[in-house]
Amino acid sequence: MNAEQGQYDDNDDDYKLGEAAQLSNQKEGDVAAKEPDGRNSMCGTALAIISTIMGGGIVSIPYAYAVAGVWTGIGIQVGVIIAIWISCVLYLETRSILQCNTNFSVIANMCLGSISSIILNMLLVFAVFGIMALYMILFSEIAISLIGGSYAADHILRHKAFYVTSLCVLISPIIVRKKIQELKFSTYVLFFGVLSLIVLLTVLLGINGTYSYRLDEGTIVVPSPAEVTEKDHSTKQGSFEGVIDSLNIAVASQGFVIALFPIYSSMSRPSRPHVMKSITIALFFTMSTYTYLSFISIRYFGQENIQPSIFNNIK
C-alpha cells in the first residue's frame, strides 16, 4: 500500500455502511483531525445530490411517463432508482475494500488496469458535457418563458445565448474553486426554475381545467387526421419503442453517480456514514417531483399530446 497508487491506511477509511464507520472514526483520533474534511451535513449532501440530478432532463420527464404509460413510467423510474442506489453502495464498498482514495480513476486502475481509467475519464467528459448542455437549455427555456415573453422576438431577452452566457458567468467561481458546497446558490436557482414550472402548470390546470374537460366544453378542438404531424407521438404509447424512450430518459434524468465521490468528499466526517441516507432522500424527492410534474402535464395537455420537451406544449 502506497500513496502513489492512491491508497492509504485503514484508519483513513470512514465509510463502512453503518456503526463500524463510527467506531473506526473514534479510533482515528488526532490522525482524522489532520485529514481534509468537508462541511456538508446529511441534509446538505441531499441538496447537493438533488441539484446534480435535476437538470435539463426534467423537460422530457412528462413525455417519458406519457409515452410508456403512467404506471409503466413509474415502474421504470423505480427500477432506475433502485439500480442507482445499488451502484452507489457498490462503489462505496469497493472503495472501502480497496482502501483507496475517493476517485473513479483510481478504482478503475486498481481493478482493471491503467487503460480502464483513460476510457473512464473519456466517458465522464462526454457525460458531463451532455448534462451541462441539458441544464443550460432548461435554464434558458424557463428564463425566456418567465422574462422574455413580453418582448419582441429579436430582443436580447428572447435569445437563449444571453441566458446561457449569464449562467456560465454565475457558476464560473464554482467551477474554478471546485467546491461542492458552493453549489448551494445554483441549487436555489434550479429549485426556483423547477418550482416555477410546476406552479405554472398547476395554476393553468386549476384555472382552465383538464384536457378532457376542455374538450367537453368545446374550448379546444381535437385535430383532424390531416392536421396530425410527425410531432404526434400517440402511436408510441405503450409500445416497446415507447418503453425504451422512457427508460433512456429516466436514466439520463436520475443519473448522478459520476458526482458521487466529489459529493461524498464534501461531507463532514461525522456525516459520511450517513451518505446512503442522503442518497435515498434525494432520489425519493426527485422521483416525487418528476411524478407530480408528469401527472399535471398529462392532465392538462392530454397524454397523447405530450411532446418530448414540455416547453413545446407550453408555447
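Predicted model: local features only at pLDDT ≥ 70, side-chain atom pairs only at ≥ 80, totals over all residues.

Analyst: Residues are numbered from 1 along each chain as its sequence is written, and side-chain values use heavy atoms, with hydrogens and water left out.

The protein has 14 helices and 0 strands, where helices (H or I, at least four residues) and strands (E, at least two) are DSSP runs numbered from the N terminus. In α6, the buried residues are Phe104, Ser105, Val106, Ile107 and Ala108; buried means under 20% relative accessible area, exposed over 50%, and partly exposed in between, with a 1.4 Å probe and protein chains only. Of the 315 residues of the protein, 43% count as buried.

Helix α6 (residues 104-112) packs against helix α5 (residues 70-98) at an angle of about 65°, and their axes lie 11 Å apart; axes are lines fitted to C-alpha atoms, for helices over the stretch in contact, and angles run from 0 to 180 degrees between N-to-C directions. On the α5 side the contact (heavy atoms within 4.5 Å) is made by Tyr91, Thr94, Arg95 and Leu98, and on the α6 side by Phe104, Ile107, Met110 and Cys111. These residues divide into 6 nonpolar, 1 polar and 1 charged, given that Ala, Val, Leu, Ile, Met, Phe, Trp, Tyr, Cys and Pro count as nonpolar, Asp, Glu, Lys and Arg as charged, and the others, Gly among them, as polar.

Phe104 also leads us to another residue, Leu260, which, leaving aside its neighbours within four places in sequence, is in contact with Phe104, Cys88, Tyr91, Leu92 and Ile279. Leu260 is, together with Cys88, Phe256 and Ile279, among the residues with the most contacts inside the largest nonpolar core, which has 55 residues; such a core is a set of buried Ala, Val, Leu, Ile, Met, Phe, Trp, Tyr and Cys residues joined through side-chain atoms within 4.5 Å. Helix α13 (residues 275-301) gives the most to this core, with 12 residues. Cys88 has a relative accessible area of 0%, so it counts as buried, whereas Cys43, at 51%, is exposed. In soluble globular proteins, nonpolar side chains tend to be buried together.
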